[in-house]
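Trainee: I'd like to go through the wording for this one, term by term. Show me the picture and I'll keep asking what backs each label.

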Amino acid sequence: MAAEARAEGALRWFLRAAIRYILAFAVGWFVLAGALTLLVPHPGDEDSYGLVAAGYLLFPLFGGISLVILLALSPLRFFPHLRAFGGIALAAPLLLILVAGGAGWLLLALTIIQFGFVLKLMPEARFRVTTRRR
């Protein structure tokens, strides 16, 4: 029997990255909405639900673009500097809007979520060792 190393496919890497990104976005947004609800006094309870509901609006706008960028990064999954390159690629659109005078704290929070994903949750490519029988 001989051992054979197989590289993880681009689609499998993208699916792992997409699931992790969606979970990071959801958890990050709920933490942000909860922190803002506790820190900023609101006259009614509707405002806190409005912050959570804004996440449903912002995910297609920013999260969908980030998933397309992750799909474009999937052929580079073995690149040694993928995390640095991915961080720049994912945060560049948000930082450009922020510098141009965009929505301020909202884009800053989304940029922090992007960097948190890239630094801790972006998957590394895997190799699978299989035995080959003759």
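This is a predicted model: local features need pLDDT of at least 70, side-chain atom pairs count only at pLDDT 80 or more; totals for chains, interfaces and linings use all residues.

Trainee: Which residues of α3 and α4 meet each other?

Mentor: On the α3 side they are Arg83, Gly86, Gly87, Leu90, Ala91, Leu94, Leu95, Ile97 and Leu98. Their partners in α4 are Leu107, Leu108, Leu110, Thr111, Gln114, Phe115, Phe117, Val118, Leu119, Lys120 and Leu121. To "meet" here is to be in contact, with heavy atoms within 4.5 Å. By class, the residues of this contact divide into 14 nonpolar, four polar and two charged. Nonpolar covers Ala, Val, Leu, Ile, Met, Phe, Trp, Tyr, Cys and Pro, charged covers Asp, Glu, Lys and Arg, and the others, Gly among them, are polar.

Trainee: How is the span of α4 judged?

Mentor: The expected span is 1.5 Å times one less than the number of residues. With 17 residues (105–121), α4 reaches 23 Å from its first C-alpha to its last, close to the expected 24 Å. For α1, with 30 residues, the reach is 42 Å, close to the expected 44 Å.

Trainee: And what makes something a helix or a strand in the first place?

Mentor: They're DSSP runs numbered from the N terminus: helices are H or I, at least four residues, and strands are E, at least two. The chain has four helices and two strands, in the order β-α-α-α-α-β.

Trainee: Why does Ala33 count as buried?

Mentor: Buried is under 20% relative accessible area, exposed is over 50%, and partly exposed is in between (1.4 Å probe, protein chains only). Ala33, in helix α1 (residues 10–39), has 4% relative accessibility, so the label is buried. Past its neighbours within four places in sequence, Ala33 is in contact with Leu51 and Val52. Ala33 and Leu51 are 18 residues apart in sequence, yet 5.6 Å apart C-alpha to C-alpha.

Trainee: What about Leu51: buried or exposed?

Mentor: Buried, because its 17% is under the cut-off. Leu51 sits in helix α2 and, not counting residues up to four places away, touches Trp29, Ala33, Leu36, Thr37 and Trp105.

Trainee: Why is Ser74 called buried?

Mentor: Ser74 lies in the loop between α2 (46–73) and α3 (82–99). Its relative accessibility is 5%, so it counts as buried. Trp13 and Phe14 are among the buried residues of α1.

Trainee: Which labels do Leu23 and Ala53 get?

Mentor: Leu23, in helix α1, has a relative accessible area of 53%, which means exposed. Ala53, in helix α2, has 40%, so partly exposed is the label.

Trainee: How much of the chain counts as buried?

Mentor: Of its 134 residues, 32% do. Among them are Leu106, Ala109 and Ile113 in α4. As for contacts with a separation of 6 or more, residues 24 or more positions apart account for 79%.

Notes
Residues are numbered from 1 along each chain as its sequence is written. Side-chain values use heavy atoms; hydrogens and water are left out.
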